[in-house]
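Here's a quick tour of a protein with its ligand. Take a look at the model before reading on.

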Amino acid sequence: MNPRIVIIGGGTAGTITANRLSRVYGDDAAITVIDRDDRHVYQPGLLFLPFGLVDPNRLVRSRQAQLRAGINFRLGEVQRIDTEAERVMLAGGEEIPYDVLVIATGATLLPGETQGLTGPGWQERVFTFYTLEGATALRDALRGFDGGRLVINTVDMPIKCPVAPLEFSFLADWHFRERGIRDRVQIEYVTSLDGAFTKAVCNRELSGLLAGKDITVTTEFNTGEVDGTGGRLVSWDDREVNFDLLVTIPLHGGGEVIGSVPGLGDEIGFVRADRSTLQSSLSPNVFAIGDAADVPASKAGSVAHFEGETLVSNIQRFLRGEELEGSFDGHTNCFIETGFGRALLIDFNYETEPVPGLFPEPHIGPLRLLRESRLNHLGKLAFEWIYWNLLLPGRPLPGISDQMQLAGKQLNLLSTK
Ligand SMILES: Cc1cc2nc3c(=O)[nH]c(=O)nc-3n(C[C@H](O)[C@H](O)[C@H](O)COP(=O)(O)OP(=O)(O)OC[C@H]3O[C@@H](n4cnc5c(N)ncnc54)[C@H](O)[C@@H]3O)c2cc1C
């Protein structure tokens, strides 16, 4: 009998996995993707939406239409996973058996977990651009914002695309300068981290850019409460930050369904998985990919893409009874919009943090790492086409390998940490 491979989640990671598996197996495996809805949102586009730089309708496509012919798409909410009986249960009671299960359920936003965040003021002066609805509402609010304190707050890590709140801050600076009211707007970036970013060399670069754009950074601020009426963020250690408009990046957790199996997830619901093979710690025939996995890589679409190769190879190895390969190195590649039609590019993995250099070709680039350029911005814009036409279909990205390349990078800078 052909192996039955069931994938929960038809977002970035689930779609990449299904399409890559379909290329490998053709009709020799029964591949099923289950998702609760048929609206695939291009999430990187949510960054541009609040500034009126993209139409929300352009960001959404059918999930099913991104899957290759022969892949079975099931609309439904997975309520329970039974790793003993090797089946998943849908709302309504239907059971779907599997030989291999891939969990690609992403990250869930948990704004309700922070006291007051979704209380008075929510969607009036408190917004998030991490959802299509939130980003659209924020666009309307920004249009009517003529001055005051704009605060961007990352409640805690991990979050999807950890640089997106910084990019938002840079674009806000640009937006208000274009409108000629920058002198009436104070922009403050409030983070639970001890710097703008976790990696030292990159942090130095980003902190310099923030300072140059007159964006205040408040660090080690662990938000305990949001007072939407009074316009106050209150930390667990009783510090306060005032705002007229708050852009929050709420707490993230794994999917509720992960909690349906004791031992499958960590304390915040992400699947415990080997950081190099992506096999779950609980069951050998269960794997995790993308934001759903608790591996210490960034939660980013590029990571899901780089993980895909390892995952698909390991599913084949598992089904053949062979040892798995630990080939995923934490490779992450991310454009960082800095406003005025410019962007940075960073490339790093578990072992090597972002440094300046050339990418993807070590001697000619043409993209420059960790330096602002117009070309990087064009790369960020091109990523949308790449996402729908290369990344999701599971095609290789020309010149870019799944493992991070050290050539072309100024690794000597790492010793100056
Ligand atoms: C504002 C923003 C900007 C970003 N910018 C970038 C960027 O520039 N570059 C980059 O690489 N990444 C970026 N990202 C991150 C990127 O979008 C995510 O990392 C990526 O989409 C993760 O893919 P995923 O498949 O793991 O999760 P998702 O794409 O979120 O998919 C998870 C899917 O699982 C489904 N699901 C969950 N639970 C169930 C269930 N119980 N039953 C049925 N279905 C279920 C959901 O409906 C969803 O479709 C950004 C994200 C945001 C929010």
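This is a predicted model: local features need pLDDT of at least 70, side-chain atom pairs count only at pLDDT 80 or more; totals for chains, interfaces and linings use all residues.

Residues are numbered from 1 along each chain as its sequence is written, and side-chain values use heavy atoms, with hydrogens and water left out.

**Around the ligand**

There are 27 residues around the ligand, and Thr12, Ala13, Asp35, Arg63 and Gly301 come nearest (near means a heavy atom within 4 Å). Some polar contacts (pairs of N or O atoms within 3.5 Å) look like this:

| Side chain | Ligand atom | Distance |
|---|---|---|
| Thr12 | oxygen | 2.7 Å |
| Arg36 | nitrogen | 3.2 Å |
| Lys380 | oxygen | 3.2 Å |

On its own the ligand has 1000 Å² of accessible area (Shrake-Rupley, 1.4 Å probe), and the protein covers 95% of that. Helices α1 (12–25) and α5 (301–319) each give two or more residues to the shell (helices are DSSP runs of H or I with at least four residues, strands runs of E with at least two). Domain 1 (4–107 + 254–319) and domain 2 (111–251) each supply at least three shell residues, with bounds from an automatic or database assignment.

**The sheet**

Five strands form an open, parallel sheet in the order β5-β2-β1-β9-β20; strands pair if DSSP finds at least two bridges between them. β5 (72–75) and β20 (286–288) are the edges with a single partner each, so one side of each has no neighbour in the sheet. Three bridges join β9 (residues 100–103) to β20, and Val102 has Phe287 as its bridge partner there.

Definitions and conventions:
A polar contact is a pair of N or O atoms within 3.5 Å; within protein, one must be able to donate a hydrogen and the other to accept it, and residues adjacent in sequence count only if both atoms are side-chain atoms.
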